[in-house]
Amino acid sequence: MILRTDGVTKRFGGLTAVNKVTLRVEEGQIHSIIGPNGAGKTTLFNMLTGEIPVSDGEIYFREKKVTGLKPYQIAKARIGRSFQQNKLFGNLTVLENVRLAEHAHHRGHFNFTRHFLSFTEPVEKAWQVLEELGITDIAAKQAGELPHGQQRTLEVALALAADPLLLLLDEPTSGMSPDDSVRMVRLLRKIGKRLTMLVIEHNMNLVMSISSVITVLQQGTVIACGKPSEVEKDKEVRKAYLGGHV
Ligand SMILES: Nc1ncnc2c1ncn2[C@@H]1O[C@H](COP(=O)(O)OP(=O)(O)OP(=O)(O)O)[C@@H](O)[C@H]1O
Ligand SMILES: [Mg+2]
């Protein structure tokens, strides 16, 4: 088991966005989190990566307690993430974005006191990431000029630049064309061969085809967890999430 949460809870005033969530993520698996809008999926990620503190509960990564650590400490522990909202530097190139992500990771924070593009660390690592994702041909393009599908791929590259053992992806195919989604699925399968992934996703075809395990959240609470074939059949899931139509 690479990641374990025990009763993780987030309260925003009177709203319990995440309610006593107990997750078990096995090493090497692609574990998906699904659930309707506002179910608490992103909030759960934000707690896992230290963006926001938990109201209650504990998080363990590789059997070490990581609850309460800051985002840079979580990144150092080798949990990486991509965001639901675009975090790219639009006026920098693809390669510069990846190098910056790598650099920020090694320094523990973004540091603009020194012109980061003048740093002398080798670029091999950044190239490796671009190669793995099949985007070396756009290395010199400005991130802000890329089509949406390539921007989303670049976001995965930024998360990979920090060399995570566990990669958290928040809706990697959101807003993508069907063709781009197919490409992303292929990439996720490829990356999934060498690291563990926790993926928030609305695209049910994708979820069903790549996941080893699916956890279903509804109003902050886990209502089902199991293999795709089991979750698909679950009456509560069909009623709550799939509207009984699937
Ligand atoms: N910082 C915050 N302050 C107050 N309420 C918040 C905050 N962040 C999230 N929420 C609320 O918590 C609930 C869960 O939100 P969250 O963004 O985690 O849902 P989600 O499952 O990621 O939804 P989506 O599928 O739309 O991305 C929502 O009701 C949201 O309005
Ligand atoms: Mg979300």
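Predicted model: local features only at pLDDT ≥ 70, side-chain atom pairs only at ≥ 80, totals over all residues.
Two strands are said to pair if DSSP finds at least two bridges between them.

Strand β7, residues 166-170, and strand β8, residues 196-200, run parallel and are joined by 5 bridges. Within this pair, Leu 169 stands opposite Val 199 of β8.

These two strands belong to an open sheet of 6 strands, whose order is β6-β7-β8-β3-β9-β10 and whose pairing is mixed. Because β6 (79-81) and β10 are at the edges and each has a single partner strand, one side of each is left without a neighbour in the sheet. From one strand to the next, the twist averages 20°. Helix α1, formed by residues 41-48, packs on the sheet and touches β3, β6, β7, β8 and β9. The direction of helix α1 makes about 145° with that of β8.

In general, the strands of a sheet pair through backbone hydrogen bonds, in either a parallel or an antiparallel manner. Strand β9 shows both arrangements: its pairing with β3 is parallel, whereas its pairing with β10 is antiparallel. Strand β3 (residues 30-34) is joined to β9 by 4 bridges, and here Ile 33 stands opposite Thr 215 of β9. Between β9 and strand β10 (residues 221-226) there are 5 bridges, and Val 216 stands opposite Ala 224 of β10.

The hairpin of β9 and β10 has 2 residues between the strands, and in this hairpin Gln 219 takes a positive phi near 45°. Is strand β9, residues 213-218, mostly covered or mostly uncovered? Strand β9 is mostly covered, with 5 of its 6 residues buried.

Key: Residues numbered from 1 in each chain as written. Chains lettered and ligands numbered in written order. Heavy atoms only, no water. Buried < 20%, exposed > 50% of the residue type's maximum accessible area, 1.4 Å probe, protein only. Axes fitted to C-alpha atoms, helices over the stretch in contact; angles between N-to-C directions. Contact = heavy atoms within 4.5 Å.
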